[in-house]
Structures are given as structure tokens and as C-alpha cells.
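This report walks through a few packing details, starting from a single residue. Have the model open as you read.

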Amino acid sequence: MRVQVAIIGAGPSGLLLGALLHKAGVDAVIVEQRSADYVLGRIRAGVLEKVTVDLLQEAGVADRLLAEGLVHDGIELSFGGARHRIDFEALTGKHVTVYGQTEVTRDLMHAREAACLQTIYEAADVAPHGFDGTHPTVTYRKDGVAHTIACDFIAGCDGYHGISRASVPPASLKTYERIYPFGWLGVLSDTPPVSPELIYSNHERGFALCSMRSMTRSRYYVQCSLDDKVEAWSDDAFWDELRRRLDRAAAETLVTGPSIEKSIAPLGSFVAEPMRFGRLLLAGDAAHRVPPTGAKGLNLATADVGYLARALAEHYAERSDAGLDTYSQRCLRRIWRAERFSWWFTGLMHRFPETGEFGRKMQAAELDYLVNSTAASTALAENYVGLPLEG
Ligand code: FAD
Ligand code: PHB
């Protein structure tokens with residue numbers, strides 16, 4: 001098989017890149033190691049910045065998102081037994097849209113199917129080759145048969161544990177990492193959300209987050225220990241713990257029900273520089289990770305893909321490599337800003353046993369400043385709603 005672009009990974013990055021390239025008349029194939037159902041079964045992000053909504057619209061896959069997505073003009077911060085609203089619309093004139101990553105992925109998969117674009121699912125031993133030369137290939141096995149895709153470029157959209165970044169010689173790559181000493185235990189349930197907006201709670205017992213997927217489906221998280229096992233958390237134990245970490249009004253209104261998904265995610269910050277190695281370009285979690293507190297992971301991934309799709313379209317339509325040459329640099333500026341915001345917000349909202357009572361006092365003082373200073377609230381709001389794609 002021969003294509004212009006071989007995409008490794010059918011998560012949101014790979015699927016969105018496929019859709020944008022199709023719009024630009026660039027032909028691409030996607031190779032994914034899992035099944036489509038497995039990819040759809042992973043419950044992850046829920047908050048979309050304007051940049052993500054715009055790119056999905058550009059790709060022609062935003063109809064359901066625009067009809068069903070919930071526009072949120074602010075969030076609430078809960079601490080010291082009370083809630084304080086950060087009004088995005090008043091502070092920045094912007095909002096975010098609550099629509100699950102699973103639904104974004106489903107819409108992209110349907111559009112791909114409808115356009116008869118090829119995705120090879122359940123591909124084993126996927127590997128990129130020859131990207132430092134002019135004739136790269138991607139090899140894989142399907143049903144025991146070996147295949148080779150010849151291409152001009154390889155897009156590594158295969159997430160944090162993927163093969164693309166791992167195939168780059170270590171001397172060509174610089175990585176930066178921080179592992180947090182806790183995780184998030186998440187529960188999805190068919191119950192109405194406790195409040196119309198997201199609640200981020202800083203509590204003595206640990207962080208909690210009340211989020212949602214719709215007015216009938218809620219997503220909640222509590223900070224947990226890295227030693228915790230999902231199986232050891234009954235639904236009742238989860239709801240009790242969540243209730244304890246909310247203000248009294250929220251605790252009293254919380255509607256509980258059986259969990260339809262329950263999982264633990266470790267928290268980490270990670271960046272690999274650069275993001276281009278000859279004809280291999282990394283995008284999304286393949287190049288970086290943020291703790292989910294700032295709701296940036298998916299939005300950073302779509303922004304990378306926005307730059308990459310434009311750069312590849314320019315390469316073919318205008319015979320210009322300016323976009324490819326500046327790809328890393330453009331993405332990394334935005335990535336480091338999101339890394340900083342996610343690191344700061346994580347530090348402000350979680351319980352860090354090692355920082356002791358002094359650390360708790362510092363958090364309380366910073367939260368007090370944050371909700372009483374227009375400049376500080378505006379900085380939070382600007383970072384949360386995100387930046388436009390420049391250029
Ligand atoms: P992924 O979604 O990881 O997709 C990569 C794809 O590549 C996968 O389908 C994988 O199967 C495939 N793949 C991997 N290796 C290979 C291979 N060798 N060959 C072929 N295919 C391969 N962000 C938020 O904003 N909010 C959240 O609440 C949130 N929660 C998260 C929870 C977890 C457990 C994780 C892991 C991430 C979470 N994120 C969250 C981050 C967000 O979901 C990611 O940033 C987003 O999924 C990135 O999309 P991606 O397409 O780059 O990578
Ligand atoms: C979610 O709804 O899953 C979600 C929302 C906001 C975050 C993280 C996760 O910061």
C-alpha cells in the first residue's frame with residue numbers, strides 16, 4: 001500500500017488528523033493496535049476549548065457536538081466549606097463546551113466510515129521505519145499476515161505508551177517528567193449532575209471534581225492513593241468519600257446511583273522535545289501529558305493536530321515546508337503554557353502529604369487571593385478557556 005501520510009493510532013489525535021487531511025485532499029491511512037470498541041470504551045476527557053470545537057467544525061464532524069454539547073460559562077471552586085464561582089464569560093468573554101472524548105471519537109469514527117476512509121484496527125507489531133530518510137514505511141501484522149505501508153510522512157498519534165516516540169533514537173530526544181504521588185478515582189453514572197457547572201474542590205481529605213457528560217450523566221473524581229485498587233472501592237464507598245469532600249449544599253443535593261464505569265488514572269506531567277524527527281511527526285499524548293486538573297490533555301492534542309494538518313496541506317498544495325519546519329516550536333510554546341497551568345492548578349487543589357500544615361495554609365491563602373482578585377481570577381479563566389491557534 002502507498003499513501004501520502006500513514007497515521008499510527010486511532011485516538012482523537014489520529015482520527016482528527018485523518019479527517020482534516022481528507023478535507024485538504026491529502027490521502028492517509030490509520031493503523032490502530034486495538035479494536036474500535038476498545039478505543040470507545042476508554043472514558044477520558046470531558047471539557048472542550050473553543051480551539052477543539054473549531055477544528056471539529058472545520059473537519060465537518062461537529063453537528064452532534066453543537067446540538068448536544070453543554071456550554072459552560074464558568075466553574076466553581078470549593079474550599080473552606082463554601083463555593084466560589086469563576087465567571088469565564090464576564091472575565092474573558094469566552095466559554096468551554098462539555099462533551100465527552102468518547103463522543104468526539106465516535107463522531108470522528110462515523111464520519112471516517114461514511115467517507116469510506118481506511119482504518120486498520122487490531123494491527124499487531126506496528127512500527128515506523130526510515131523516517132530519517134526520504135522513503136519512510138510503517139509495518140504491521142494483521143491476522144498473522146505482514147504488511148508494509150509506503151508513505152511520505154508518518155504521524156505518531158499513538159499516545160503516551162505508543163511505539164512512535166519509542167522508535168526515536170534516545171540521543172535525538174529530550175524528555176521532561178514529573179510523576180505525582182497520587183491518582184484520580186473516576187466514576188461515571190447515569191445520575192443528574194450535582195450542579196449545572198463543574199465543581200473543583202480542595203478539601204482536607206483530598207481533591208474532588210464534579211463533572212458531567214449530559215444533564216442525565218455525571219462524571220465524578222476523588223484524589224486517591226497510588227496503592228488504591230478499583231476493585232476495593234465499592235460504589236457506596238466512592239459516594240461517601242465524594243460527599244465528604246463537598247460543601248454541605250452540594251453534599252445534600254448529590255444524587256447517587258450505580259457506577260457504569262470506574263477507573264483509576266495516575267497523574268503525570270511529561271514533554272518530549274522536539275516533536276519532529278525527519279518525516280516522523282508526533283502529536284498529542286505521544287509527545288506530552290498533563291495532569292487532568294486543567295482539562296488540557298485532549299485540547300493540546302487537537303491543537304497539535306490543527307498545526308500538523310495545516311503544515312502537511314501546505315507541503316502538498318503550496319510545496320512549502322515552512323509549517324513542517326516550525327511545527328515543533330509552535331506546538332511546544334502552547335504545550336509548556338498548558339503544562340505550567342496544569343501543574344499550578346494541580347498543586348493548588350490537591351492534598352500533598354509531604355508539604356504538611358504549612359502547605360495547606362499556603363493553598364488556603366492562594367485560594368483566598370484567587371477568588372478575591374480580578375487579576376488572579378482572570379488569569380485562571382484565560383488559561384482554562386485556552387488560547388486560539390495562532391497563524
Ligand atoms: P490516545 O487517546 O492515547 O490515543 C492513542 C491511540 O493510539 C490509542 O487508540 C492506542 O490504542 C493507539 N496506540 C498505542 N500504541 C499503538 C501502537 N503501537 N500501534 C498502533 N496504535 C497504538 N484529559 C483531559 O483533558 N481530561 C481528563 O479527564 C482526562 N483523563 C484521562 C485519563 C486517562 C487514563 C488518560 C490516559 C488520559 C486522560 N486525559 C484526560 C488525557 C486525554 O484523554 C488525552 O490527552 C487524549 O486521549 C489524547 O489523545 P491522543 O489521540 O493523543 O492519545
Ligand atoms: C471530565 O469531565 O472527565 C473532566 C473535566 C474536567 C477536568 C478533568 C476531567 O479537569
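## A threonine in a helix

Threonine 378 touches Leu91 and Thr92, leaving aside residues up to four places away in sequence. Contact here means heavy atoms within 4.5 Å. Threonine 378 sits in helix α14. Helices (H or I, at least four residues) and strands (E, at least two) are DSSP runs, numbered from the N terminus.

Is threonine 378 buried or exposed? Its relative accessibility is 16%, so threonine 378 counts as buried. The scale is simple: buried is under 20% relative accessible area, exposed is over 50%, and partly exposed lies in between (1.4 Å probe, protein chains only). Serine 195 is 183 residues away from threonine 378 along the chain, and their C-alpha atoms are separated by 22 Å.

## Basis of the model

The model is predicted: local features need pLDDT of at least 70, side-chain atom pairs count only at pLDDT 80 or more, and totals for chains, interfaces and linings use all residues. Residues are numbered from 1 along each chain as its sequence is written, chains are lettered from A and ligands numbered from 1 in the order in which they are written, and side-chain values use heavy atoms, with hydrogens and water left out.

## Helix α14 against α12

Helix α14 (residues 374-385) packs on helix α12 (residues 327-349). The angle is about 125 degrees, and the axes are 10 Å apart. That angle makes α12 oblique to α14. Axes are lines fitted to C-alpha atoms, for helices over the stretch in contact, and angles run from 0 to 180 degrees between N-to-C directions. Under 35 degrees counts as roughly parallel, over 145 as roughly antiparallel, 65 to 115 as roughly perpendicular, and the rest as oblique.

Which residues of α12 and α14 meet? From α12 come Arg340, Phe341, Trp344 and Phe345; from α14 come Leu380, Asn383 and Tyr384. By class, this contact of α12 with α14 has 5 nonpolar, 1 polar and 1 charged residues. Ala, Val, Leu, Ile, Met, Phe, Trp, Tyr, Cys and Pro count as nonpolar, Asp, Glu, Lys and Arg as charged, and the others, Gly among them, as polar.

## Helix α1 against α6

Helix α1 (residues 12-23) packs on helix α6 (residues 101-114) at about 35 degrees, with axes 10 Å apart. Pro12, Leu15, Leu16, Gly18 and Ala19 of α1 meet Gln101, Thr105, Leu108, Met109 and Arg112 of α6. The contact of α1 with α6 has 6 nonpolar, 3 polar and 1 charged residues.

## A three-stranded sheet

An open sheet holds 3 strands in the order β3-β7-β4, with antiparallel pairing. Two strands pair if DSSP finds at least two bridges between them. Its edge strands, β3 (47-48) and β4 (70-72), each pair on one side only. Strand β7 (residues 96-98) and β3 are joined by 2 bridges. Leucine 48 has threonine 97 in β7 as its bridge partner.

## The enclosed strand β16

Strand β16 (residues 218-224) has 7 of its 7 residues buried, so the rest of the structure largely encloses it. Both faces are covered. Ser218, Tyr220, Val222 and Cys224 lie on one side, with Arg219, Tyr221 and Gln223 on the other.

Strand β13 (residues 174-189) pairs with β16 in the antiparallel sense over 7 bridges. Tryptophan 184 stands opposite glutamine 223 in β16. Strand β15 (residues 208-212) also runs antiparallel to β16, joined by 5 bridges. Methionine 212 faces serine 218 of β16. β15 and β16 form a hairpin, with 5 residues between them.
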